[in-house]
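Student: I would like to learn how to read a protein model feature by feature. Could we go through one together?

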Amino acid sequence: MTPLTITMHALDNVAIVANDGGLPAGTVLSSGQTLKDKVPQGHKVALQDIPKDAPVLRYGIPIGFANESISAGAWVHERLLQMPSARGLTDLPMATVQAVATSDAELAKMRSFTFEGYCNADGSVGTRNILAITQTVQCVAGVTDFAVQRIKAELLPLYPNVDDVVSLAHTYGCGVAIDAPGAEIPIRTLRNISTNPNFGGEVMVVSLGCEKLQPARLFPIGSIPISVHTAPVEVSNQGLGQAQPERSLNLGFDHVCLQDAQHVGFMSMIESVMATAKIHLERLNKRRRETVPASALVVGVQCGGSDAFSGVTANPAVGFCTDLLVKAGASVMFSETTEVRDGIAQLTSRASSPEVAQQLIDEMAWYDAYLKRGSVDRSANTTPGNKAGGLSNIVEKAMGSIVKSGTSHISNVLSPGEKLKHKGLTYAATPASDFICGTLQVAAGMNLHVFTTGRGTPYGLAAVPVIKVATRTDLAKRWHDLMDINAGTIADGSKTIADVGWEMFHLMLDVASGRKKTWAEQWKLHNALVLFNPAPVT
Ligand code: CA
């Protein structure tokens, strides 16, 4: 076995071991050092003697300071590192980096890529054609799920152009301090999820009746386009008993209220939900895919179950692809505040203007304060799996996470739950929690998701296709029917970052067009929507 190590930056005094299974003590590296310890795959080895208190450098920055002197060839595990404190949020470089120049020919080439999507009245484009059933409160989740199972079995086969029916169940809506600061986050998140491009502008709501989050509060007048909901549709009542679809056009959307006096018995509620769903299925079924420019993509990038390879293989490939998408005129969001916090100076310097840099600082400051309320800081992020995978602390994890954002200017910043209205590269502030980040990116209007993993996670979303990228060949082989792309080929030298980045870009166009399904879609794997609620519950 040829010993394989990866160094990220010329200044680095550590490298990571790339070989499957790690390397035994006594191995002589190509750079000349002899391993003093067995070093697991993905873990760091000292390339030179590092005195006590000296910085341990990876990605060209200190990821920690040596707790004791470390000799060349030794395994540099997390217990040997003292984590640096977070960079303060003052005196940061503001919009100092020049935009990367792109030639006219390259721009023209990137702008010529297309995919087949569903055009919506609001100008957004869907990659799937899905009926979503919005809920105001968790109380109605069981009833809605019962109705959704029957809609899938009895109605969906009649509407072959509709991909799926999705219940937007969540834990919010009542038992919460709905006027507290922070409560606007879960409320706008839910509102914006309901109008995700993959739901075709159709909004139907199931409410209980007595909850705090009343339908009119969830959707104030003007918050969703009314035009698409006023067109009369002929709907047969076949198979639905005497149920009549409920219309609440004064609210601007169709609405079934379970406590309404007209409902006598459980089946009356179910039939009412089904009859209302049928109106929307009729309209969705008439839609056809059209050729649209790749600029209609709204891609959310995320990582989860990270290891030391995340920042070496999969995330750099995502970063390369992010740059391609930005050149193609598309929207790309990166997120996960605790995983970019240690790179704040890098982000503010890449902001397109001082105003955008300030928005980045404001989001970090808000999150610092949020974590402080819970008596923790960003270091609470790393998991036992991260550490077993070679990531010593959040500084090292963040440097590997941030590369998903590529090299473009950051031109927009979103607060949690806000809707994206701009093209280009956006920092969408979210927690790093996989399901909360995914939920907030769905709310932002994502129509395609890219998710990198080193330890492995079967993560998926019901509303948006998720392309999963393995950081290591070993994982891609074991999880051959869960991982869509193997970026581990970058570590063994058989492919370049650009090769995998382009592979990802073309797969995105295929998945967005419905020509290919991701593994998570094929198995129908999806995680729950998890709303970010920083406000108190009652
Ligand atoms: Ca994550």
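Student: In which loop does Pro 40 lie?

Tutor: Before that, please note that this is a predicted model, in which local features need pLDDT of at least 70, side-chain atom pairs count only at pLDDT 80 or more, and totals for chains, interfaces and linings use all residues. Residues are numbered from 1 along each chain as its sequence is written, and side-chain values use heavy atoms, with hydrogens and water left out. Helices (H or I, at least four residues) and strands (E, at least two) are DSSP runs, numbered from the N terminus; Pro 40 lies in the loop between strand S2 (14-17) and strand S3 (44-46).

Student: What does Pro 40 touch, not counting residues up to four places away in sequence?

Tutor: Contact means heavy atoms within 4.5 Å, and with those sequence neighbours left aside Pro 40 touches Val 17, Gly 22 and Trp 75. The C-alpha atoms of Pro 40 and Ala 388 are separated by 8.8 Å, although these residues are 348 apart along the chain.

Student: Which residues coordinate the calcium ion?

Tutor: Donors are N, O and S atoms within 2.8 Å of the metal (3.2 Å for Na, K and Ca), and sites may look incomplete because water is not among the atoms. Here the calcium ion is coordinated by Gln 302 (OE1), Cys 303 (O), Glu 336 (OE), Ala 432 (O) and Asp 434 (OD), at 2.3 to 2.6 Å.

Student: Is Asp 434 buried or exposed?

Tutor: Buried means under 20% relative accessible area, exposed over 50%, and partly exposed in between (1.4 Å probe, protein chains only). Asp 434 has a relative accessible area of 17%, so it is buried, and Ala 432, at 10%, counts as buried too.

Student: At what angle do helix H3 and helix H12 pack?

Tutor: Axes are lines fitted to C-alpha atoms, for helices over the stretch in contact, and angles run from 0 to 180 degrees between N-to-C directions. Helix H3 (residues 184-194) and helix H12 (residues 434-444) pack at about 60 degrees, with their axes 7 Å apart. That makes H3 oblique to H12, since angles under 35 degrees count as roughly parallel, over 145 as roughly antiparallel, 65 to 115 as roughly perpendicular and the rest as oblique. The contact is made by Thr 189, Asn 192 and Ile 193 of H3 and Thr 439, Leu 440, Val 442 and Ala 443 of H12.

Student: What is the phi of Ser 375?

Tutor: Most residues other than glycine have a negative phi. Ser 375, although not a glycine, has a positive phi of about 60 degrees, and at 68% relative accessibility Ser 375 counts as exposed.
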